[in-house]
Amino acid sequence: MEFNWLVAIGLFFVALALDIVFALYTVAVVKLNPLFAANMSALTYLLGAAGILSYVRNKWYLVPLSLGAFIGTYAVVKYEATKKDRKK
């Protein structure tokens with residue numbers, strides 16, 4: 001399968017959303033919020049499946065997936081740290 005830039009951009013945003021959802025899932029588990037954690041867990045699997053199906057066909061799609069994952073996790077952790085600092 002050949003590389004498609006529109007697919008790559010879409011996968012970037014899928015991975016971005018996936019890592020935001022996964023980080024929020026982790027926060028919800030730590031805060032013992034079962035309903036929110038369960039919803040985030042389900043979304044994690046749905047978004048993860050889209051990424052997996054794409055890079056199985058073309059390994060180059062791992063690049064936008066990795067970039068989206070990095071930015072998604074960084075954004076949530078940075079936000080949570082900022083929120084924690086404001087409470088002090």
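Ile 9 is partly exposed, with a relative accessible area of 46% (buried is under 20%, exposed over 50%, and partly exposed in between, with a 1.4 Å probe and protein chains only). The model is predicted, so local features need pLDDT of at least 70 and side-chain atom pairs count only at pLDDT 80 or more, while totals for chains, interfaces and linings use all residues. Residues are numbered from 1 along each chain as its sequence is written, and side-chain values use heavy atoms, without hydrogens or water.

The chain contains three helices and zero strands, where helices (H or I, at least four residues) and strands (E, at least two) are DSSP runs numbered from the N terminus. Of its 88 residues, 26% are buried. The C-alpha atoms fill a box of roughly 50 × 25 × 15 Å along the principal axes. Among contacts (heavy atoms within 4.5 Å) with a separation of 6 or more, 73% join residues 24 or more positions apart.

Ile 9 lies in helix H1, which covers residues 5-30.

Helix H3 (residues 62-87) has 26 residues and should span 38 Å at 1.5 Å a residue; its end C-alpha atoms are 38 Å apart, in agreement. The expected span is 1.5 Å times one less than the number of residues. In H3, the buried residues are Pro 64, Leu 65, Gly 68, Gly 72, Val 76 and Glu 80. Their cover includes H1 and helix H2 (34-57).
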